[in-house]
Amino acid sequence: MNNDANQTLEIVKSGLARRRRRETRFRWYGRIAIFIAMAFLALLLFSILARGISAFQQTYIAVDVYLNPEELAPPTPEHLGKVDFEGLIRQSLRETFPEVTGRRQKRALYRLVSSSAAYELRDWVLQHPDQLGKAVTIWVLAGSDVDMYMKGAVDVSVPEDQRRLKDDQIRWIEQLRQQGRLDLRFNKVFFLNGDSREPEQAGILVAFKGSLYMMIVTLALSFPLGIAAAIYLEEFAPKKNFWVDMVEININNLAAVPSIVFGLLGLAVFLGYFGLPRSTPLVGGLTLTLMTLPTVIIASRAALTAVPPSIREAALGVGASRTQTVFHHVLPLAMPGMLTGAIIGMARALGETAPLLMIGMVAFIVDPPQGLLDPATALPVQIYLWADSPERGFVERTSAAIIVLLVFLGLMNLLAVLLRRRLEKRW
Amino acid sequence: MKFNALSFAALLAAMSFNLQAATRNYIYVVGSSTVYPFTTTVAERFGKSTDFPTPKVESTGTGGGMKLFCAGIGVQHPDISDASRRIKRSEFERCQKNGVKEIVEIKIGYDGIVLGYSRKAPHAWNLSRRHIFLALAKEVPDPKNPGKLISNPYHQWNDIDPSLPAVAIKAYGPPPTSGTRDAFVELAMEGGCKTFDWIKELKKEDKHRYKSICHAIREDGAYVEAGENDNLIVQKLGADPNALGIFGFSFLDQNIDKINGAKIDGVEPTFENIAEGTYPVSRPLFIYVKKAHVGLIPGIPQFLDEYTSEKAWGDEGYLTDKGLIPMPKEEREKYRKTALEQIPLQSL
């Protein structure tokens, strides 16, 4: 008897080292897996940040102009609309560099200033009518090539005919820089403008508002619909019924359908059948609702299942009806899980481009949308459009838009975590 | 939670009711991704310098744009369609069938298609269209028996012509849905294909077979479909100095510090050569305007005025900065007249 026990102990002891080694090994596998995943994430974030961070600053150039009251008065929008502000800015540049002659040279000189400078000057005069008759220095956007040079993105070592910025232009820029007439400032334009063909004037306002409106529509529709469907299926629907099973299988399948299919559905139903206007956040939101609904239903059902049966039994036991049980006891406990599910579904919808391609949201839109029926784009679509633009200045804009999208996503996920922490009940 | 759903619904309803637009007050443009940079530039200037809202420009590709454009008359349909090729007969007929009777055709300029390569490449490329056809076609005439077709046997450029570099044939280009691809196939491939006399003869007898010989691109990996994104092709060339890339001239223009354009038939793809018409692989670009929408949607005549003004599409206009190759002066005048008087296309 004693012998037997000793033998067993021997067997256990001889295997112990091996078991411990296996345990250690397994832990290391896990650490390595996490390390690799983190390394990729860090690499991705680093490359985006390294490329995009410079887009949050923008080069401005100081221009001296004399506001001739004979030309500019009265400073009303109607009158100023007819004034040749571009000419004023060009004249100022010519005065700064009197040695520049010849058409080609002058054209190269004018390109130092963004084409929006004339409109900036006009708006400035509109706001400061008291400055008429004075010589003023105002800061306007510099051209994209100048901006790229100031940020060190132009390689000056290559021969002159192989770069966009010519030697003369670089000399002028250096001269302006020494005079303190070039300045890198915070890039307001990026947050206040819509899309533009000129990289220095392009901003994400239209895309940001478009995405925000779509998220509002999607949340407003998919959350109540999803929860209602989940509650019915989980709490009220008859079990082991053929039709209920069919519905369940279909919901699970729909969650795995590629998103472009929802785009086609949106095109056929919302644009084709209902005749809603193309490229609008309303249609985008409806299409994304179709896409997120299955996710929300599945997450909400999981949250309802996680509520212990004892809660329901206790409620029914003190005489509550089934509806009362669900709404007074089960739903409040399941709500944090449902909210998390909905927000994660929304975060996925926020990053979608494919369904939006089909409903006309891949478009050049300059004026910010005022409501759900004005044309707009979305953040991922804006990234796609800029990535496809030939101008070099759009490279940093693309990465900067990705940063904004990531921040937006991060905030939504943070909200999900906070809501869960706040509302979660433990028992 | 009833409260939550209700408040959201109320918010939604409020937002849509307040701003319900009964009619559209902005111009709506669809079409080619090649023309997109030009139309958007004009649209932006037009929006800034006039009281009209900035037109909405959708990038759908030429074919997709024509489909939307020809769907009918009314505010839900586009007013203008961008095209990197001429409207097809089938598209024109579809337009007619759907009530889009009067279409104004405006040629806006030219675009060169470039075979680009990295500046890091060890050799300069000097190709003929025949070289391009032999390198990229699916089936080529057998070198031993030129009257017969065999599937493309060439793997290296110097197999085609000993004067070409001894590197593997590899070209990054757009997929079949792209207008750039259509134009490349028609101008470069077909141009090389026609240098074989018997194939040229075939054009009169059996047009279908002629097209299938000249327009088919090989599918064994030498031609790599790189998607519609031309920037991606430019980046790939940087990483692969022996490869060629097929894209529009504006991408060469913007990336001139990284990319060289191959000479084709001895002509370099420069702004001047394309404008003069000596560079063989260039194509016209068009916009098509629905005449029935003039008056229905505000601002169309003013938009066309801006588009066809000398400061936009002239020799030194702002569109040339974006890579558009301007037309000769007489042609510009002719199309400006068409645009301002809205003279519709009679037939094809």
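Between chain A and chain B, 16 residue pairs are in polar contact, both residues at pLDDT 80 or more. A polar contact is a pair of N or O atoms within 3.5 Å; within protein, one atom must be able to donate a hydrogen and the other to accept it, and residues adjacent in sequence count only if both atoms are side-chain atoms. The model is predicted: local features need pLDDT of at least 70, side-chain atom pairs count only at pLDDT 80 or more, and totals for chains, interfaces and linings use all residues. Residues are numbered from 1 along each chain as its sequence is written, chains are lettered from A and ligands numbered from 1 in the order in which they are written, and side-chain values use heavy atoms, with hydrogens and water left out.

Six salt bridges cross the interface of chain A and chain B. The criterion is a side-chain nitrogen of Lys or Arg within 4 Å of a carboxyl oxygen of Asp or Glu. A:R107 and B:D321 form a salt bridge, with 3.2 Å from N to O. On chain A, the elements giving two or more residues to the side that touches chain B are α5 (103-110), α6 (117-127), α10 (205-236), β4 (363-364) and α17 (379-387). Helices (H or I, at least four residues) and strands (E, at least two) are DSSP runs, numbered from the N terminus. The most comes from α10(A), with seven residues. By class, this side of chain A has 20 nonpolar, 10 polar and 15 charged residues. Ala, Val, Leu, Ile, Met, Phe, Trp, Tyr, Cys and Pro count as nonpolar, Asp, Glu, Lys and Arg as charged, and the others, Gly among them, as polar.

The contact (heavy atoms within 4.5 Å) takes 45 residues from chain A and 46 from chain B. About 4,200 Å² is buried between the two chains, 54% of it on carbon and sulfur atoms. Buried area is the accessible area (1.4 Å probe) that two parts lose on being put together, summed over both.

β4(A) and β2 of chain B (residues 56-58) run antiparallel over two bridges; pairing requires at least two DSSP bridges. A:F364 stands opposite B:V57 in β2(B).

Chain B is divided into domain 1 (25-110 + 283-341) and domain 2 (112-282), with bounds from an automatic or database domain assignment. Their centres, taken over C-alpha atoms, are 29 Å apart. Domain 1 of chain B has 13 residues in contact with 17 of domain 2. Zero salt bridges are found across this domain interface.
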